[in-house]
Amino acid sequence: MFHHSKDLQFNARVSRPDPVFANILLEQFGGENGELAAAMQYFTQAFGAKQPHPDKYDMLMDIATEEFSHLEIVGATIQMLLKGVIGSLKDAADSSEIMQVLDGKAAKENIIHAALSANPHFVMLSSGGPRLANSQGIPWCASYIHSNGDLTVDLRSNLASESRAKLVYEHLMKFTDDPYVKETLSFLMTREVAHYKMFEAALDTIQPNFPPGVLQADPRFTQQYFNLSPEKSFTGPWNEGEMPGMDKEWEFVSDPAAFVQETEGLTKLDDDMASELEETEELNKQMSEEKSAEVIAAEPDGIAQWSDYSK
């Protein structure tokens with residue numbers, strides 16, 4: 001059950017109208033890295049976490065709800081940036097600058113023309129309000145959402161989502177000189193960082209969490225680095241030395257074509273790793289049983305009920 005407070009989480013303010021930036025800001029309203037996408041991603045991920053990970057369900061629902069509040073902040077800011085095209089400004093940070101819009105017919109027409117130039121939908125379709133579309137007018141799409149049903153995979157997707165959203169806000173701050181709008185964008189950007197750390201901490205509480213899913217990686221094929229761009233190649237901790245957390249060394253394959261030919265498509269390797277393959281198969285069985293038991297144990301007997309309504 002949701003409860004809506006009419007006050008914003010952050011006191012969004014605007015000092016003067018800016019239809020062009022209002023259109024750019026639509027990227028965080030209905031874009032693929034925007035607040036609606038984040039809210040719906042965490043909201044849908046939460047359902048699969050409810051039984052086996054009720055603590056993560058709680059976290060995902062809390063963060064999803066906060067993302068909806070950020071969507072409201074972005075929408076309110078867009079609405080205020082369009083003052084002069086639509087009704088009165090909710091929170092006029094500097095009314096003397098706002099009043100320039102109403103100083104004669106020419107000034108008002110300039111603002112309306114700017115809105116039309118920035119996004120015709122502002123005037124033609126939405127009466128100046130934000131639509132669920134990005135800055136190019138492309139409608140919001142559910143394909144933006146990454147919800148895979150495996151919590152370790154979902155949490156890693158969320159780390160990437162928060163990173164991308166943080167970067168978008170960082171870029172947006174370059175395109176406005178309104179100090180109040182910058183303050184709002186800085187708040188939203190910072191909350192992306194906070195959410196990133198929440199997801200990172202939650203992922204760390206699920207052990208083991210690598211590799212994602214249940215089945216283990218085939219030990220015969222994990223360590224090869226295929227040098228597929230041989231000219232001016234680089235080496236680093238991604239292809240030489242010890243693999244992070246794997247207790248094995250990288251194998252740098254300098255001539256991949258010859259290597260594939262010699263091994264008959266990697267089917268005849270020098271080390272058949274028979275013992276490691278046996279251990280992997282045992283671990284696959286163990287992890288399958290554990291993950292299955294975890295979900296089954298979390299499912300209620302008899303009538304399924306989502307809430308117990310206990311105080």
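User: Which residues touch the most other members of the largest nonpolar core?
Analyst: L25 and I78 do, in a core of 26 residues. A nonpolar core here is a set of buried Ala, Val, Leu, Ile, Met, Phe, Trp, Tyr and Cys residues joined through side-chain atoms within 4.5 Å. Buried means under 20% relative accessible area, exposed means over 50%, and partly exposed is in between, with a 1.4 Å probe and protein chains only.

User: Which elements give two or more residues to this core?
Analyst: They are α1 (19–25), α4 (54–81), α8 (151–172) and α9 (179–204). The most comes from α4, with 7 residues. Helices (H or I, at least four residues) and strands (E, at least two) are DSSP runs, numbered from the N terminus.

User: What does L25 touch?
Analyst: Leaving out residues up to four places away in sequence, L25 touches V74, T77, I78, L81, L172 and L185. A contact means heavy atoms within 4.5 Å.

User: Before I go on, where does the model come from, and how are things counted?
Analyst: The model is predicted: local features need pLDDT of at least 70, side-chain atom pairs count only at pLDDT 80 or more, and totals for chains, interfaces and linings use all residues. Residues are numbered from 1 along each chain as its sequence is written, and side-chain values use heavy atoms, with hydrogens and water left out.

User: Back to α4. How many of its residues are buried?
Analyst: In α4, 20 of the 28 residues are buried, so the helix is mostly covered. From first C-alpha to last, α4 reaches 41 Å, close to the 40 Å expected at 1.5 Å a residue. The expected span is 1.5 Å times one less than the number of residues.

User: And the chain as a whole, how many helices and strands?
Analyst: The protein chain has 11 helices and 2 strands. Of its 311 residues, 37% are buried.

User: New topic. How many aromatic pairs are there?
Analyst: There are 9. Rings of Phe, Tyr and Trp (its six-membered ring) pair if their centres lie within 6.5 Å; planes under 30 degrees apart count as stacked, over 60 as edge-to-face and the rest as tilted. F43 and F47 form an edge-to-face pair, 5.4 Å centre to centre with 85° between the planes.

User: Where do F43 and F47 lie?
Analyst: Both are in helix α3 (residues 35–49), 4 residues apart, about one turn of the helix. F43 is partly exposed at 21% relative accessible area, and F47 is partly exposed at 42%.

User: Which residues form one aromatic cluster with them?
Analyst: F2, Y57 and W306 form one aromatic cluster with F43 and F47. K50 also comes in here: its charged end sits over the ring of Y57, 5.4 Å from the centre. K50 lies over the face of W306 too, at 5.1 Å from the ring centre. A charge sits over a ring if NZ of Lys or CZ of Arg is within 6 Å of the ring centre and within 35 degrees of the ring normal.

User: Which peptide bonds are cis?
Analyst: The bond from Q207 to P208 is cis, with omega near -10°, and a cis bond also joins F210 and P211, with omega about -5°. P208 lies in the loop between α9 and β1 (224–226), and P211 is in the loop between α9 and β1 as well.

User: What about M273, buried or exposed?
Analyst: M273 is buried, with a relative accessible area of 11%. Its phi is near 50°, a positive value in a residue other than glycine.
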